[in-house]
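Trainee: I would like to work through this model with you. Where do we begin?

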6 protein chains.
Amino acid sequence: MVYVTRRETFNAAHKLHRNDWSDAKNIEIFGACANPNWHGHNYVLFVTVKAKTETGTGFVMNLKTLSSIVRKNIIDIVDHKNLNLDVPFMKDILPSAENVAIAFWKVLEPHIAKEGCKLHSIRLQETENNSVEYFGE
Amino acid sequence: MVYVTRRETFNAAHKLHRNDWSDAKNIEIFGACANPNWHGHNYVLFVTVKAKTETGTGFVMNLKTLSSIVRKNIIDIVDHKNLNLDVPFMKDILPSAENVAIAFWKVLEPHIAKEGCKLHSIRLQETENNSVEYFGE
Amino acid sequence: MVYVTRRETFNAAHKLHRNDWSDAKNIEIFGACANPNWHGHNYVLFVTVKAKTETGTGFVMNLKTLSSIVRKNIIDIVDHKNLNLDVPFMKDILPSAENVAIAFWKVLEPHIAKEGCKLHSIRLQETENNSVEYFGE
Amino acid sequence: MVYVTRRETFNAAHKLHRNDWSDAKNIEIFGACANPNWHGHNYVLFVTVKAKTETGTGFVMNLKTLSSIVRKNIIDIVDHKNLNLDVPFMKDILPSAENVAIAFWKVLEPHIAKEGCKLHSIRLQETENNSVEYFGE
Amino acid sequence: MVYVTRRETFNAAHKLHRNDWSDAKNIEIFGACANPNWHGHNYVLFVTVKAKTETGTGFVMNLKTLSSIVRKNIIDIVDHKNLNLDVPFMKDILPSAENVAIAFWKVLEPHIAKEGCKLHSIRLQETENNSVEYFGE
Amino acid sequence: MVYVTRRETFNAAHKLHRNDWSDAKNIEIFGACANPNWHGHNYVLFVTVKAKTETGTGFVMNLKTLSSIVRKNIIDIVDHKNLNLDVPFMKDILPSAENVAIAFWKVLEPHIAKEGCKLHSIRLQETENNSVEYFGE
């Protein structure tokens, strides 16, 4: 069993804000992240899959295939977008880094399985100081 | 003469969009950067000042002073903000990295001069692949 | 269950030296790290906590809370300090990276538990080539 | 139990190419990595070992010892070399990052065991976007 | 006048070897870099152009245009290639980092000029410890 | 004329403290950097030399030669040392990053000149946020 990690990047706007809370409560809980006019990040996404290496190629999974899956299903949908407004699979989900990572898992897991591999983790780095990781359960 | 560089970071939303252009022309020229609902970045700012070292301290300029100037006059105004909507000194300025760097220079230059140093350059990194630098002229 | 990691940095002096060993033996075992007049590092600390995301906020734990806990209980005590001489919770402990990580775990674990989360790991990077990680047992 | 990681780097040429496949099939499966005249990488290798800290030194394993083992048995053999042609322990092995990591494990594991530690993982970063990790089974 | 820098990466094999020198002299002068079977690097290329910002867009030069020029004329020719054997514009040039940077300048300069900008520098990072920069004269 | 930069690293302790000032004044001016028991850094040193490339080798200067000069004359003297107490060429010099860079210039310049090259700059990074650069005048 070998673990293979592909790194991809995207730039997006978001805010942490609940419509069912007052502005004051949003600011109290989310601080600057609740800025009404949004802010944004250069997100760095690490997708790790695992499998036995396929003996013909020495690969767990062709990294070009993995990159294509991540780009087509995630990056093309979220890059240069607003995570609150523009991303169908984030509809009605507060775009905390945790929730974004969980949403990415749900999108990617079936595509990875179809390739005969197992998705191991989604790591999402929001800033150089803050990151989250989700292992599917 | 020694050059001293302070690095500070901020996260902000922006879009490249001119109201006097059609949406089609904005997309043609600015591409994904014109996304109506914004996108954003983890900006990295490098402020370089130069002077003779002051013999008492061995400093060009106390880096805590430099950091305070940059934080009070730039970071506190732009961090977790929208560069098109929320920043008084960017009003009516298209927030390309180039224009943001020039605007930061105008804000910082008098504060640095007041400390007896010369502002040498403003370098602004928008993504790991794109950066700009401005030397004041 | 999502894992959230906060990165904090501090600068400190230390040496690896046992008073019950001769200088020769200290040098033999610890090499340059035993330099009597100390040396130092820019330490990078990664604190990882895990929990179910709290559905109201989408957070495992508010990263501002996590950062405050780490800064108040660790960074404010060790930054710009001597790990052998200045840090009460390191008294009589040889400040190898391993021992520093274990000591940080003991300090932080109860504060994380009080927030309803579980401390998962302490990773401490001493140089770009050397790092250690401790999972509490 | 503490985990200690040593980072080492090396530069090498390789290609992904099977002699029992046609050139067309090699290109189809391996793409640019099959370039007949080779290409190369600045590989970054992370070797993680685990053990209880030895109370005399506070070390899991003296990092100078670990570094010596990795340099003598791996880096000196692969640095500034061709992974397909010059490395005895890679003979007849397609040098995908996965296979290189597995081969490094086999070389290093007995040396680490001899020091009373357990090899935990071999992580090999081929580019800033692609890396693999192997845990020995 | 603002300076804009675009970063691109490529992986290539090379060796430092002169056919008119004996193998012994090649090894004496170039050391491990003369390995007959090649070695390779993840090269990082920084292309800096300068101009007044164009007032309509706020750009020195559309970075997508700059990236396209660099990719079409450099990256597509050198990525996953052998710098000694596969690159027409490096024919009969010893591929030291210095010579590669000078060759890249000659290729890129007319394309940048055609866009109304001035090429300022080519910086080429061969390893994390070694880099060169060329300003055209 | 090509510019070549070599990166080297060292770890050292220091403090900013003048014996002819009271402790109170030292703390007022230098803050935490005046901690009596020292603190320390992982310093990163960038030495840039310039020359025409020598046509036989394609080098400005053999980087192994440059690295040897920097290691023998700087790194071996300052690594794992105390910059206030252990370094002969820093005697009676307050070890601010600025003063360290100037001292390194004085040490290295004649050695570089002897190789037929010109020392262009000494850049010293003290932390990820603070760096200084000196060009010899």
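Mentor: Begin with a term: contact means heavy atoms within 4.5 Å. Keep in mind that this is a predicted model.

Trainee: Of the contacts in chain A with a separation of 6 or more, what share comes from residues 24 or more positions apart?

Mentor: Apply that 4.5 Å cut-off to the heavy atoms. Then keep the pairs in chain A with a separation of 6 or more. Residues 24 or more positions apart account for 67%.

Trainee: What pattern does chain A follow along the sequence?

Mentor: Count the elements: chain A has three helices and five strands. Its C-alpha trace spans about 60 × 25 × 25 Å along the principal axes. Read along the sequence, the pattern is β-α-β-α-β-α-β-β.

Trainee: Now chain E. Which residue stands opposite E:Leu124 in strand 5 of chain E?

Mentor: Strand 4 of chain E, residues 118-125, runs antiparallel to strand 5 of chain E, and four bridges join them. The two strands form a hairpin, with four residues between them. Opposite E:Leu124 stands E:Val132.

Trainee: How many of the five residues in strand 5 of chain E are buried?

Mentor: Strand 5 of chain E covers residues 130-134. Buried again means under 20% relative accessible area. The strand is mostly covered, and its buried residues number four.

Trainee: What area is buried between chain E and chain D?

Mentor: The contact takes 22 residues from chain E and 22 residues from chain D. E:Asn37, E:Asn42 and E:His80 supply 33% of the area that chain E buries there, more than any other three residues. Carbon and sulfur atoms give 45% of the total, which is about 1700 Å².

Trainee: Which residue of chain D forms a salt bridge with E:Arg7?

Mentor: Between chain E and chain D the count is two salt bridges. There are also 17 residue pairs in polar contact. In the salt bridge of E:Arg7, the closest N and O atoms are 2.5 Å apart, and the partner is D:Glu128.

Trainee: Which strand of chain E gives the largest share of the side that touches chain D?

Mentor: Strands 1, 2 and 3 of chain E each supply at least two residues to that side. By class, the side has six nonpolar, eleven polar and five charged residues. The largest share, five residues, comes from strand 1 of chain E.

Trainee: Is D:His14 buried or exposed?

Mentor: D:His14 is found in strand 1 of chain D. Leaving aside its neighbours within four places in sequence, its contacts include D:Trp38, D:Tyr43, D:Leu83 and D:Glu126. A polar atom of its side chain lies 3.0 Å from the backbone oxygen of D:Pro95. With a relative accessible area of 1%, D:His14 is buried.

Trainee: What is the relative accessibility of C:Glu8?

Mentor: The side chains of C:Arg6 and C:Glu8 meet in a salt bridge, 2.8 Å from N to O. C:Arg6 counts as buried at 12%. C:Glu8 also counts as buried, at 5%.

Trainee: Are B:Asp92 and B:Lys91 buried or exposed?

Mentor: B:Asp92 and B:Lys91 form a salt bridge too, with the closest N and O atoms 4.0 Å apart. The cut-off to pass is over 50% relative accessible area. Both residues are exposed.

Trainee: How many salt bridges does the structure hold over all chains?

Mentor: Some are linked in a network, as with A:Arg6, A:Glu8 and A:Arg71. Over all chains the number is 27.

Terms used: Residues numbered from 1 in each chain as written. Chains lettered and ligands numbered in written order. Predicted model: local features only at pLDDT ≥ 70, side-chain atom pairs only at ≥ 80, totals over all residues. Heavy atoms only, no water. Buried < 20%, exposed > 50% of the residue type's maximum accessible area, 1.4 Å probe, protein only. Pairing = 2+ DSSP bridges. Buried area = accessible area lost by both parts, 1.4 Å probe. Polar contact = N/O pair within 3.5 Å; in protein donor to acceptor, adjacent residues only side chain to side chain. Nonpolar A, V, L, I, M, F, W, Y, C, P; charged D, E, K, R; others polar.
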